[in-house]
Amino acid sequence: MKEKWLKNLIKEARQTKLTRNEKQTMLSAILGGAYIPSPYQFSFPTFIHTYQRQAVALVVIFVLVITTGGTSFAAESALPGEALYSIKVNVNEEIQSLVALSPDAKARVGIERTTKRLKEAEKLADEGRLTPEAQGIIKANIKSHGEDIKANLAVLASSNSATTAQAVVSDFRASVEAISPSAPIATSSELAVDSIVSKNTSDNKTDVSADAQAIGLLSITEELKAELVIIEETLASTTAAATPSASPPTDSQEGKSSTTATSTLPVLPTTPVASTTISVSTSSSPVLRVQ
Amino acid sequence: MSNDTQNRSQFLDIYKKYSDELFRYSFFKTANRDVSLEIVQEVFMKVWSAFDRGEYPDNIKAFLYTSVRNAITDWYRKKKPLSLDGLQEIGFDAPAEEVSYSDKFDVEKILEKTNDLEEMYREIIILRFVNDLSVKEIAKLLNERENNISVRIHRAIDKLKKQYNNK
């Protein structure tokens, strides 16, 4: 059936194919689509093995100090969406965290960074620049700082300094509550009512965007609080696992202030850090001060 | 992680095996290299994202051919919104301005030989002989009975033969 002319025709037709180049380009377009790296992720820590990270950081410090000390300094006041922000978060603060040697200090750097994020969000909201992108960046950073804090607290808890870990966490709670806008908790329903009222009274256009800003800020605060609760719970479960007598699981089910109070109370005379903890937690339940 | 690498290697096998013939099929039906590239890429992207979700089509070859065929139909529909019947007439005669010189040369040689064939027969020839699909596979793809396809193949060869002898 396949005569010569047909064979020739088939042979010619089969010459039609993708070029090598086209094949490669297409393949990388297809596979690349599933692996788009986040533009906010600074790439240097990811492709280097973890044990080399400190060495790289030292080189980066050196280079930065010599050449772009000014840039690094200027970056300190950068906000999400600005060019230097990535340097601030991924270089300046990463270095702070690497320079801090003990897990205790590292966790505290993490907390400091987290509160910085919240302040940035407030500043952006004030200036009306808290865009969804900026919110995304801030939330992602809060998440990754949270991971850092958790990791370091886990190290603390496993190395028999659970009390220090508790102190760090309650300091964290105190600082979050100190900054978080409009008292401890403003519920979203309150906010919605506010927005309806203000819409009726004044100029629509500016108010809508102001609402968006407020909601964005609120969602960031909620994110941070959620992260805090997760950290507290992880810590509670790890310490409970390590020393079952220290804090029974029923305590952690109750209010947060009682958890921190009961577990940190016996430590009061020994560690100076704990004294600040107590003063914070007693503010919500003054009875404890009498005891 | 291992699942991911498994997906990847499975996908690469499929890509290596079918990308050329799908491209060829699309190229002979659209006579447009860029459009064909786009169609093939889109179809493989569909496969890849299905793999990513953990879905694996039962018959990958049929899936690929059907997807390409649908994409080609879509392309014609967008290009010539008026009649599908008319499209079958036009088929290969669609202008090939965007085809580069060497492509044009190859395609024209083949088109010339299959010029007077109806689109129906041309497609059969490409699928059966150039891309080596079985009668069963073609029947499934074109949604016809196998008997019909066999008859069509015979007729297509007869017609081609006549043309060839006349030239």
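**Entry 1: helix α8 of chain A**

I looked up which residues of α8(A) are buried: A162(A), T163(A), T164(A), A165(A), Q166(A), A167(A), V168(A), V169(A), S170(A), F172(A) and R173(A). A residue is buried if 20 or more other C-beta atoms, placed from the backbone, lie within 10 Å of its own, exposed if 12 or fewer, and partly exposed in between. Helices are DSSP runs of H or I with at least four residues, numbered from the N terminus.

I note that this is a predicted model, where local features need pLDDT of at least 70, side-chain atom pairs count only at pLDDT 80 or more, and totals for chains, interfaces and linings use all residues. Residues are numbered from 1 along each chain as its sequence is written, while chains are lettered from A and ligands numbered from 1 in the order in which they are written.

Next I checked the span of α8(A). The helix has 18 residues and reaches 26 Å from its first C-alpha to its last. That is close to the expected 26 Å, taken as 1.5 Å times one less than the number of residues.

**Entry 2: α6 and α8 of chain A**

I compared α8(A) (residues 162-179) with α6(A) (residues 103-126): their axes come within 10 Å and cross at roughly 10 degrees. Axes are lines fitted to C-alpha atoms, for helices over the stretch in contact, and angles run from 0 to 180 degrees between N-to-C directions. The two helices are therefore roughly parallel, a term for angles under 35 degrees.

I listed the contact residues (C-beta atoms, placed from the backbone, within 7 Å). From α6(A) they include D104(A), R108(A) and K119(A). From α8(A) they include D171(A), F172(A) and I179(A). I sorted the contact into seven nonpolar, three polar and four charged residues. Here Ala, Val, Leu, Ile, Met, Phe, Trp, Tyr, Cys and Pro count as nonpolar, Asp, Glu, Lys and Arg as charged, and the others, Gly among them, as polar.

**Entry 3: where chain B touches chain A**

I found 22 residues of chain B in contact with 20 residues of chain A. On the chain B side, α1, α2, α5 and α6 each give two or more residues. The largest share, seven residues, comes from α2(B). This side divides into 14 nonpolar, two polar and six charged residues.

**Entry 4: two positive phi values**

Most residues other than glycine have a negative phi. I looked up two exceptions in chain B. A31(B), in the loop between α1 and α2, has a positive phi of about 55 degrees. D132(B), in the loop between α6 and α7, has a positive phi of about 60 degrees.

Which of the two is buried, and which exposed? A31(B) is buried, with 23 other C-beta atoms within 10 Å. D132(B) is exposed, with 11.

Conventions:
Angles under 35 degrees count as roughly parallel, over 145 as roughly antiparallel, 65 to 115 as roughly perpendicular and the rest as oblique. Two residues are in contact if their C-beta atoms, placed from the backbone, lie within 7 Å.
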